[in-house]
Amino acid sequence: MSAQSRSVWQTALGAVAALAVGATVVMALFVVPADGGRDAFVRGTGQGDAYRLLFLHVPSAWLAYLAFGVTALASLLWLFPRTRALHWDLLAGASAELGVIFTGLTLALGSLWGKPIWGQWWAWDARLTTTAVLFFLYLGYLALRRVGGSPEQRAMRSSIAALIAFADVPIVHFSVSWWTTLHQDGSVFNAKMQIHIQDTSMQATLLLGVAAFTVLYAYLVLRRVQLLAVEEGLAERELEAAIAQRVAAAGARPREAVSI
Amino acid sequence: MTILSDALAVAGKDLRIEARSRVTLGQILPFGVLVLLLFAFALDPQSRLLPNVAPGLFWIAVLLAAVLAVSRSFAVESEHGARDALRLSGIDGASVFLGKAGAIVLELLALEVVLLIGTFGLYNVNVRGLEVLIPTAVAATCGIAATGTVYGILAAGLRVRETLVPLLVLPVTAPVLLGATRAFDDALTGSTGDAWPWVQLLVVFAAVYVTAGIVAFESLLEEA
Amino acid sequence: MPVVSTRSAVCVLGRFPALAGADLDVAAGEIVLLSGPNGAGKTTLLRLIAGLLPLRSGSATVLGVDLRRDRRSHRRHLALVGHDTGCYDDLTVRENVRFGLRSAGADVRQADAAIERLGLAAQSGITHRRLSAGQRRRLALAVAFARAPRLLLLDEPHAGLDADGRALLDELLAAASSEGRTVILASHELERARALAHREVVVDAGLLHGGVLETIDGDVVAQGTKVEAAVS
């Protein structure tokens, strides 16, 4: 594919992502009905408008897990000798960056929703707590990526760290949900966590949101990998130039005869 | 089995260094006890709070001390280029992992005995249910030491080792903190039956990361 | 078959090309001196031969092992004495030598003889921490010689040694060479090292001069022969 047609495709992908996210926002804010009616939250018969956050919260949570999954897969592909190529490491890094951003967004949206519904910003809900641990798990991974060394060293270090972190996800999820179910007696946890998605417009908006965020992810990760590859290529060219320079410098120097 | 006997040689070397330098005994152990003391200052010792939260405080103290023990274990290897010497010896990465992690397990278990006596004395906790406490402590410690050793070699030789190791180790070991705390809580309150699922979780965690260490350590020792 | 053979070996430290294309042949039993200014790439070349650093391009074969495929399996047959001792501060001289032997799968009973040979018998029970710089150098050499390696890589081994120590080192290297062991040493003690070495290779800005052996009828020059370095 030529560079030009690739950039056309990219722009198209970006436009689709923007349109889809915009459509999700419009649907979530103006089209779907409030849960149990507009004043439902005040009357105590539903969540009212607060639940509209769900249409961003669920897709961003989905995206965070997708991104970390892609990081693990790309790390595996780098570790496997037959598919070892540096672009897998770049993909792993780019995907983890997006994963951390969207994990942070998930946490923020979850807290915003928790305040009116649970009456507090943070209620140690199992899924939110797991997400918080994931946030720090991958923050450490990103810190490890920035410590320097050659690209191969970075790839080896971070691919193993990514798999270690990924193996921890089910264990964290399992232990946290087990831990929180022990505390179900607290009134907070009996709060209306269930939202009845009956309206077809709700279902459609949720699906649209997930699709929109997935396209957005694809677009962002693509651009990020390209940028990283350009940086990497630049560093590579500088290195080649440095090698040539050293060879030239050594060649130009007068050599004394060496004998013993 | 050369892997195991080499691992024993590495563990023996690390323990001998600790026995002679007394860093674990003279610094890490007092640090652990100090953390217990600080918790008592932060939480009113007069209330009934301390005995109730003692298991969690105990395991946080262990985790913080473990981070120091891991840092220490790899500081020893980077001091006079010992890591290169270890690589040049041709010793298997799995042996180095098992040896270093094994030494950390023994150090932490000794520390836990002291901390348990500390919680008994300082927090007024009745220590009982040893048949649960001991397997919990062993499984949890193996898990902590295995993850710590893998991340220790990842960060070894980096300028930011001391700050990076806690950021890497503590989130991964979150399930260990949860599981070991619950199991200790169940044991100390007499409901030992509830503790076993948590012990199983700890065993799974330890098995996953010991395996990961055995498989990955060679590459990390060489390339990272 | 040379013990060490590299062609156009490029080795990068971080983003710096420390070796920009090294051609080197070393035959069994040879003592080769690497000379050249600081930062020329001598240490990098020794670490590359030891398998501690990856090749970026070019080729390197050491003790019959192609380092592009395997940088590990030749290590048990070589010893590298670098700027650091590779020893542990809180272990005694004896414990350090014994651990060096033990981890290399060699017989730990060789330890006392090696310590004796390097003149450290009196310091045998003293920890590394309490040794002087010269004694540490002797300890590092004791660890290396105890294993009786086929290939000895020495990075400025004379540094820190007293007159006795230097004479002792020369003796040990000559003995190793006559036993068929190969020695590559980087040194700034040129007079002493040239008297000892069979051949001098000048390392300059990541390139080698005089690294490739002249071959006589396809065979590598016999060990122990002094070879005029071919400077192109």
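**Close-up views of a predicted model**

**View 1. Strand β8 (residues 182–186) of chain C is mostly covered, with five of its five residues buried.** This legend, like the others here, describes a predicted model. C:T182, C:I184 and C:A186 point one way from β8(C), while C:V183 and C:L185 point the other way.

View 2. To find your bearings, look for C:L34, whose bridge partner in β8(C) is C:A186.

**View 3. An open, antiparallel sheet of four strands in chain C has the order β2-β1-β4-β5.** Strands β2 (16–26) and β5 (65–66) of chain C stand at the edges; each has a single partner strand, so one side of each lacks a neighbour in the sheet. The partner of β5(C) in this view is β4 (residues 57–62) of chain C, and the two pair in the antiparallel sense over two bridges. Look for C:V62, which stands opposite C:V65 in β5(C). Helix α1 (residues 42–49) of chain C lies across β1 (4–13), β2 and β4 of chain C, and runs at about 65° to β2(C).

**View 4. In chain B, helix α3 (residues 49–78) and helix α5 (residues 93–122) cross at roughly 145°.** Their axes come within 10 Å, and the crossing of α3(B) and α5(B) is right-handed. Residues making the contact include B:F58, B:W59 and B:F74 of α3(B), and B:I104, B:L108 and B:L111 of α5(B). By class, the contact has 15 nonpolar, two polar and four charged residues. Among the contacting residues you will also find B:E77 of α3(B) and B:K100 of α5(B).

**View 5. A:V70 sits in helix α3 (residues 54–79) of chain A.** Is A:V70 buried or partly exposed? It counts as partly exposed because its relative accessibility is 21%, and buried means under 20%. Leaving aside neighbours within four places in sequence, A:V70 is in contact with A:L91, A:S95 and A:Y217. A:W88 lies 18 residues from A:V70 in sequence, with a C-alpha to C-alpha distance of 9.9 Å.

Technical notes. Residues numbered from 1 in each chain as written. Chains lettered and ligands numbered in written order. Predicted model: local features only at pLDDT ≥ 70, side-chain atom pairs only at ≥ 80, totals over all residues. Heavy atoms only, no water. Axes fitted to C-alpha atoms, helices over the stretch in contact; angles between N-to-C directions. Left-handed = near helix turned anticlockwise from the far one by under 90°. Contact = heavy atoms within 4.5 Å. Nonpolar A, V, L, I, M, F, W, Y, C, P; charged D, E, K, R; others polar. Buried < 20%, exposed > 50% of the residue type's maximum accessible area, 1.4 Å probe, protein only. Pairing = 2+ DSSP bridges.
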